[in-house]
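Colleague: Before we discuss this model, could you show me the sequence and the structure together, and then take me through the fold step by step?

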Amino acid sequence: KGGSSATNTTDSATGDKKKAKSKGGNAVKVRHILCEKHSKCMEALGKLREGVAFNQVATEYSEDKARQGGDLGWMTRGSMVGPFQEAAFNLEPSSVANPSYTDPPVKTKFGYHIIMIEGKK
């Protein structure tokens, strides 16, 4: 009786820790490379495949404010556009020197993104 309302109140305080493990967390530390044109994004992808560090490729190719190595910082679930968010939360955390990234790039209304994450919480 009233158990569900009690769960809802404590959900943000204690429920998060449980949720983080089962659903891959509620925030990701994201880096991306954003290109308006698919061809430019594929060029950037080629550089990554050659082993160039993610932040170097982002600085050279990304066409948004994340030019400082593509770092977007910690982003929470619900703060990103659908396809970007889905891809980001499905990735495993990795390092800029040895990144796990979206291949093929993710298309959103902003263009084509190559996404990697450095952490989940």
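Modeller: Let me begin with terms: two strands pair if DSSP finds at least two bridges between them, and helices (H or I, at least four residues) and strands (E, at least two) are DSSP runs, numbered from the N terminus. This is a predicted model, in which local features need pLDDT of at least 70 and side-chain atom pairs count only at pLDDT 80 or more, while totals for chains, interfaces and linings use all residues. Residues are numbered from 1 along each chain as its sequence is written, and side-chain values use heavy atoms, with hydrogens and water left out.

Colleague: In what order do the 4 strands of the open sheet lie?

Modeller: The edge strands, each pairing on one side only, are strand 2 (71-76) and strand 3 (106-108). Strand 1 and strand 4 run antiparallel and are joined by 8 bridges. The open sheet, with antiparallel pairing, therefore has the order 2-1-4-3.

Colleague: Which residue of strand 4 is the bridge partner of Val30?

Modeller: Strands of a sheet pair through backbone hydrogen bonds, either parallel or antiparallel. In strand 4, the bridge partner of Val30 is Ile117.

Colleague: Within what arc do the buried residues of helix 3 fall, seen down its axis?

Modeller: Buried means under 20% relative accessible area, with exposed over 50% and partly exposed in between (1.4 Å probe, protein chains only). In helix 3 (residues 54-61) the buried residues are Phe54, Val57, Ala58 and Tyr61. They line one face of the helix because, taking the directions from the helix axis to the C-beta atoms, they fall within an arc of 100°.

Colleague: What covers those buried residues of helix 3?

Modeller: Contact here means heavy atoms within 4.5 Å. The cover includes strand 1 (27-35), helix 2 (38-49) and strand 4 (111-120).

Colleague: What is the relative accessible area of Leu45?

Modeller: Leu45 is found in helix 2. Leaving aside neighbours within four places in sequence, Leu45 is in contact with Tyr101, Thr102, Asp103, Pro105 and Ile114. Leu45 is buried, its relative accessible area being 0%.

Colleague: Which residues of the largest nonpolar core touch the most other members?

Modeller: A nonpolar core is a set of buried Ala, Val, Leu, Ile, Met, Phe, Trp, Tyr and Cys residues joined through side-chain atoms within 4.5 Å. Of the 15 residues in the largest one, those touching the most other members are Ile33, Leu48, Phe54, Tyr101 and Ile114.
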